[in-house]
Amino acid sequence: GQQLRALFYALPPGESSFRTVEEVPDYVEKSIPFFITFIGLEFAVGWIQKRKLPGRINDGISSLSLGILSRLPDVLFRSVDLISYIYIWNNYRLFELPWDSAWTWYLTLLGVDFAYYCFHRISHEVNILWAAHQVHHSSEDYNLFTALRQSILQKYTSWMFNLPMALFIPPSVFAVHLQFNLLYQFWIHTEVITKLGPLEWILNTPSHHRVHHGRNPYCIDKNYGGTLIIWDRIFGTFEAEDEKVVYGLTHPVNSFDPIMLQLRPLAHIWNTFWATPGLCNKLSVIFKGPGWGPGKPRLGLPEEIPEITGKEVPFNPRVPAYLNCYAVVHFAVIVDLYTELLASVTMLSHGTVLLRIVFIILSLASFGLLMENKSKAGILEIIRCLVFIGVYKLGYFRSQFSFLGYAYEV
């Protein structure tokens, strides 16, 4: 019950206040079963409502792959958000609010959410930050899988926006709200829930967030809130859901390869940087909006945003049904290996951990190419399977479920 309420930011201060960071539960990891349950529920309700599933296998695997990829650095290093926050708290704090006060708890809720609004808005308005954040917007579906589609690079800039709170808010309180703010944003990635009445005035809701993920001209750079929508209303970035939202990027990436989705925008900035004349223009390529060009305003020209006709067709290469089944089964194996890695990382050598991480990345890239029906995907997949058999035989991989050992070798 506690874990379910954490998903909706509904744990009161008395149940979620801790003296030290070490006592704070890993709410995100403990929510994984609920993620799976809600995704299943969304598929069931979507089928009942519209007689069709609210997503596609290729896009779903791509979103989950990006989610796993984004969490892999945390296997090796402690969260950069917490490391930097604790450093400022230990060395520069001005005063100390009581960790067990409800006032501190609610102030931190507002502080973390406002910091998220600022970071999220800048991520859309500064090209180098957008290169990381666009990963989350690259899906042309909108469902709970999309919530898990995260950038591997974004966390290395977002931490700065939380540091002012470290001057007076204890790290244990911050660590709770950092997780709650993230968890709350999971359930709003759905089309199953329409409007939520008076709550729409205060909270970020599925309706508000659908606008944020739209590529319709009226949706661009709107509704940046995390848990609350009040910041958008205050700073003029709010837009209510109106005409049907078409999801994705204004210029779709058309790929399911998680490595490509993470890195191609950076390559684009690199190429544009060298092709643009003048030092000031080169710096503008990095620090102005993704729509900027010489002679244009900072965020580009609204009239250059492609019009929406309503006839847009999502990127969806045809692949045989058996290939979809194959990808789903093998992806499930990787999820098993990934969760087993999380559970046993403290008992493994650095070499074994790195080997598992490299194999997981290789597998996710291979699945992406299979979903695109690329000609070289088969060769990469054969190599991947041979590597798996060798490494599994040598004992570097283990399943959480011992009875699957023989099945994996088959």
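Which residues lie nearest the centre of the largest cavity? They are Ser138, Ser139, Glu140, Asn254 and Ser255, among the 13 residues that line this cavity. The structure is a predicted model, and the values below are computed from it.

**Cavity and pocket**

One cavity of 30 Å³ or more is found when the whole structure is searched. The volume of the largest cavity is about 80 Å³. Its lining comprises five nonpolar, four polar and four charged residues.

The second largest pocket has a volume of about 1200 Å³. It is lined by 46 residues, and Trp130, Thr250, His251, Pro290 and Gly291 are the closest to its centre. Three elements, α6 (102–125), α7 (127–137) and α13 (258–275), each give two or more residues to this lining. Of the elements, α13 gives the most, with seven residues. By class, the lining of the second largest pocket holds 22 nonpolar, 17 polar and seven charged residues.

**Helix packing**

Two packed helices are described by the angle between their axes and the distance between the axes.

| Helix pair | Angle between axes | Distance between axes |
|---|---|---|
| α15 (residues 321–344) and α17 (residues 377–393) | about 40 degrees | 14 Å |
| α6 and α10 (residues 171–187) | about 55 degrees | 9 Å |
| α4 (residues 57–76) and α15 | roughly 20 degrees | within 11 Å |

Helix α15 packs against α17 at an angle of about 40 degrees, which makes α15 oblique to α17. The crossing of α15 past α17 is left-handed. On the α15 side, the contact is made by Tyr326, His330, Val333, Ile334 and Leu337, while α17 contributes Glu381, Arg384, Cys385 and Phe388. Six nonpolar, one polar and two charged residues make up the contact of α15 with α17.

Helix α15 also packs with α4, and the axes of these two helices cross at roughly 20 degrees. Angles under 35 degrees count as roughly parallel, and α4 and α15 are therefore roughly parallel to each other. Their crossing is left-handed. From α4, the residues Ile57, Ile61, Leu64, Ser65, Ile68, Arg71, Leu72 and Val75 meet Asn324, Ala327, Val328, Phe331, Val335, Tyr338, Leu341 and Leu342 of α15. The contact of α4 with α15 divides into 13 nonpolar, two polar and one charged residues.

Helix α6, which gives residues to the lining of the second largest pocket, packs with α10 at an angle of about 55 degrees and with the axes 9 Å apart. That angle makes α6 oblique to α10. The crossing of α6 and α10 is right-handed. In this contact, Thr104, Trp105, Thr108, Leu109, Val112, Asp113 and Tyr116 of α6 meet Val173, Phe174, His177, Leu178, Phe180, Asn181 and Gln185 of α10. By class, the contact of α6 with α10 has eight nonpolar, five polar and one charged residues.

Key: Residues numbered from 1 in each chain as written. Predicted model: local features only at pLDDT ≥ 70, side-chain atom pairs only at ≥ 80, totals over all residues. Heavy atoms only, no water. 1 Å grid on protein atoms, 1.4 Å probe; cavity = no way out; pocket = protein on both sides within 12 Å on 5 of 7 lines; lining within 4 Å. Points joined across faces, edges and corners; volume = space filled by probe spheres on them. Helix = DSSP H or I, 4+ residues; strand = E, 2+ residues; numbered from the N terminus. Nonpolar A, V, L, I, M, F, W, Y, C, P; charged D, E, K, R; others polar. Axes fitted to C-alpha atoms, helices over the stretch in contact; angles between N-to-C directions. Parallel < 35°, antiparallel > 145°, perpendicular 65-115°, else oblique. Left-handed = near helix turned anticlockwise from the far one by under 90°. Contact = heavy atoms within 4.5 Å.
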